[in-house]
Structure formats: structure tokens, C-alpha cells
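Work through the exercises below with the model open beside you. Try each task before you read its solution.

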Amino acid sequence: MTECENLKSCQWVKEYSGSNEVYVEYFVKNYCKGSMQERCVRKKVKAEFGEIPLNMQPNGKPMRGTDESGWKPEISDFLKKI
Ligand code: SF4
């Protein structure tokens, strides 16, 4: 399995990988380096809006301990449709 083409530049990975959160490593293993990378919601949001909230996980949910309050309403609406 090849890695996601965005792995080296991905802001989410830069921010949260190595943070000792087991579930972050789960996402990196299964999305960024695994078979779920084409389902990454960050990629879909980037393609649609050209930007991605930093705290959005690959599954489209906010990081634990954070929320969607800083996300543009249109991004939240988009997430409900995909
Ligand atoms: S979070 Fe998504 S865009 Fe970023 S490296 Fe992982 S699969 Fe790629």
C-alpha cells in the first residue's frame, strides 16, 4: 500500500502525529498509510473548499477535546451530505 500523496505536507499529521494519542496513530496507519486513504474526509474538504480545519480528523470529526465551532458553516453542511 502506497502512502497518501499528502502525507509529508498534511497539516493534521504535522500537528497531531507523535502526540502520544493512540487513536492518532490508528488514523495514520489506516488512512494515511492504509487502505482508507481515498476515504479521507480531509481530502474531500480540500477538493471542495481549498482549505481544511486543522482539527478535522481523516474521518471528518473534530479531534478529541475540540469541536466544530471554528469551522465554516458550509463545511459543516458539506459533511452532512457526504
Ligand atoms: S489525513 Fe488524509 S490528507 Fe492527510 S495524510 Fe492522512 S490520508 Fe492524507
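A residue is near a molecule if its C-beta atom, placed from the backbone, lies within 6 Å of it. The model used here is predicted.

**Exercise 1. Find how many residues surround the ligand, and sort them by type.**

Solution. 
- Step 1: count. The ligand is surrounded by 13 residues.
- Step 2: pick out the closest. These are Cys4, Asn6, Cys10, Cys32 and Cys40.
- Step 3: ask which elements contribute. Helix H1 (11-16), helix H2 (22-32) and helix H3 (41-49) each give two or more residues to the shell.
- Step 4: sort by type. The shell holds 9 nonpolar, 2 polar and 2 charged residues.

**Exercise 2. Describe the overall build of the protein chain, from its elements to its radius of gyration.**

Solution. 
- Step 1: list the elements. The chain has 4 helices and 0 strands. Read from the N terminus, their order is α-α-α-α.
- Step 2: take the dimensions. Along the principal axes, the C-alpha atoms fill a box of roughly 35 × 25 × 20 Å.
- Step 3: A compact globule of 82 residues would have a radius of gyration near 12 Å. The protein chain has 12 Å, so the two agree.
- Step 4: check burial. Of the 82 residues, 22% count as buried.
- Step 5: look at contact range. Take contacts between residues at least 6 apart in sequence; 43% of these join residues at least 24 apart.

**Exercise 3. Work out where the buried residues of H2 lie around the helix axis.**

Solution. 
- Step 1: name the buried residues. In H2 they are Val24, Phe27, Val28, Tyr31 and Cys32.
- Step 2: look down the axis. The buried residues of H2 fall within an arc of 100°, so they line one face of the helix.
- Step 3: recall the geometry. An α-helix has 3.6 residues a turn, so residues three or four places apart point the same way.
- Step 4: turn to the other side. Val22, Tyr23, Tyr26 and Lys29 of H2 are exposed there.
- Step 5: find the cover. H1 is included in what covers the buried residues of H2.

**Exercise 4. Decide for Cys40 and Ile82: buried or exposed?**

Solution. 
- Step 1: Cys40 lies in the loop between H2 and H3.
- Step 2: count its neighbours. Cys40 has 22 C-beta neighbours inside 10 Å, so Cys40 counts as buried. The cut-off for buried is 20 or more.
- Step 3: list its contacts. Beyond four places in sequence, Cys40 is in contact with Cys4, Tyr31 and Pro58.
- Step 4: Ile82 lies in the segment after helix H4 (73-81).
- Step 5: count again. Ile82 has 10 other C-beta atoms within 10 Å, so Ile82 is exposed. The cut-off for exposed is 12 or fewer.
- Step 6: Ile82 and Val41 are 41 residues apart in sequence and 8.8 Å apart in space, C-alpha to C-alpha.

Terms used:
Residues are numbered from 1 along each chain as its sequence is written. This is a predicted model: local features need pLDDT of at least 70, side-chain atom pairs count only at pLDDT 80 or more; totals for chains, interfaces and linings use all residues. Ala, Val, Leu, Ile, Met, Phe, Trp, Tyr, Cys and Pro count as nonpolar, Asp, Glu, Lys and Arg as charged, and the others, Gly among them, as polar. The arc is that of the directions from the helix axis to the C-beta atoms. Two residues are in contact if their C-beta atoms, placed from the backbone, lie within 7 Å. The radius of gyration is taken over C-alpha atoms; the globule rule is 2.2 Å times the number of residues to the power 0.38.
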